[in-house]
Amino acid sequence: MKLVGRYDSPYVRRVGVALHVLGVPFEHVSLSPFSQAAEFRQIAPVGRMPALVLDDGETLIESAAILDYLDEEVGGGRALTPRGGPDRRKCLRILASATAACDKAIAINYERRRPAELIHAGWITRCRTQLDAALCELENFRIELRNEQPLKQIEITTACAFAYIRRVEPEAVADRQYSRLEQLSVACEAREEFKACPQIVSMPASGLPAG
Ligand SMILES: N[C@@H](CCC(=O)N[C@@H](CS)C(=O)NCC(=O)O)C(=O)O
């Protein structure tokens, strides 16, 4: 199994951490859909990371679909997302806030890559308002990770989102206003599964950050 994409994408990182938590062996192919677009699209023509290439050659895209596949493979007892009922709805609601926060931070990040005269300040403001709302929701979900508690998808995705936002939009999480998210992030980043999937901050030859 091959995970294609760079860990500076919160979507790739959450799949990488999940694979480690589940103990599924995989090869990490750290390709960028930006600076290595041609090579990347030979594996996943849509050109978005992550992609998961299974041993029989089937290629999955979209992190939620990949995580769903992994949960199904390992079975109900080990799945990182509850399989049904109110617990599943609550989990999916939290994941929706976390991925919304990522989507908005990414939109801001991409907007800032445009030539200065083309940057739409009003669009950035709109996305920032949505990003702040998603972060507030996440903070109010009161997600905790105690010492012996196994990592599940709620903690994985929320911590990956928080780390990404802190890197690309640091002022959105300044002043320690999200103290519970800060604590969760510290607890998650200390786990071996997170350390195995470090965010890469190096700048590829294109001058564009990869994620
Ligand atoms: N909803 C998708 C989002 C994936 C996504 O936005 N990936 C970004 C990097 S963080 C990407 O590949 N961007 C390149 C592009 O869209 O052209 C998922 O969860 O997999």
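**Ground rules.** I number residues from 1 along each chain as its sequence is written. Since the model is predicted, local features need pLDDT of at least 70 and side-chain atom pairs count only at pLDDT 80 or more, while totals for chains, interfaces and linings use all residues.

**Overall fold.** I found 8 helices and 4 strands, taken as DSSP runs (H or I, at least four residues, for helices; E, at least two, for strands) and numbered from the N terminus. Along the sequence I read β-α-β-α-β-β-α-α-α-α-α-α. The C-alpha trace spans about 55 × 40 × 30 Å along its principal axes.

**Helix pair.** I looked up α1 (residues 10-22) against α6 (residues 153-168): they pack at about 145°, with axes 9 Å apart. Here axes are lines fitted to C-alpha atoms over the stretch in contact, and angles run from 0 to 180 degrees between N-to-C directions. From α1, I listed Pro10, Arg13, Arg14, Val17, Ala18 and Val21, which meet Gln153, Ile156, Thr157, Cys160, Ala161 and Tyr164 of α6 (contact means C-beta atoms, placed from the backbone, within 7 Å). I sorted the residues of this contact into 8 nonpolar, 2 polar and 2 charged; Ala, Val, Leu, Ile, Met, Phe, Trp, Tyr, Cys and Pro count as nonpolar, Asp, Glu, Lys and Arg as charged, and the others, Gly among them, as polar.

**Ligand shell.** Next I checked the ligand and found 12 residues around it, the closest being Ser9, Tyr11, Arg48, Met49 and Ser63 (C-beta atom, placed from the backbone, within 6 Å). The shell divides into 6 nonpolar, 4 polar and 2 charged residues.

Technical notes
Contact = placed C-beta atoms within 7 Å.
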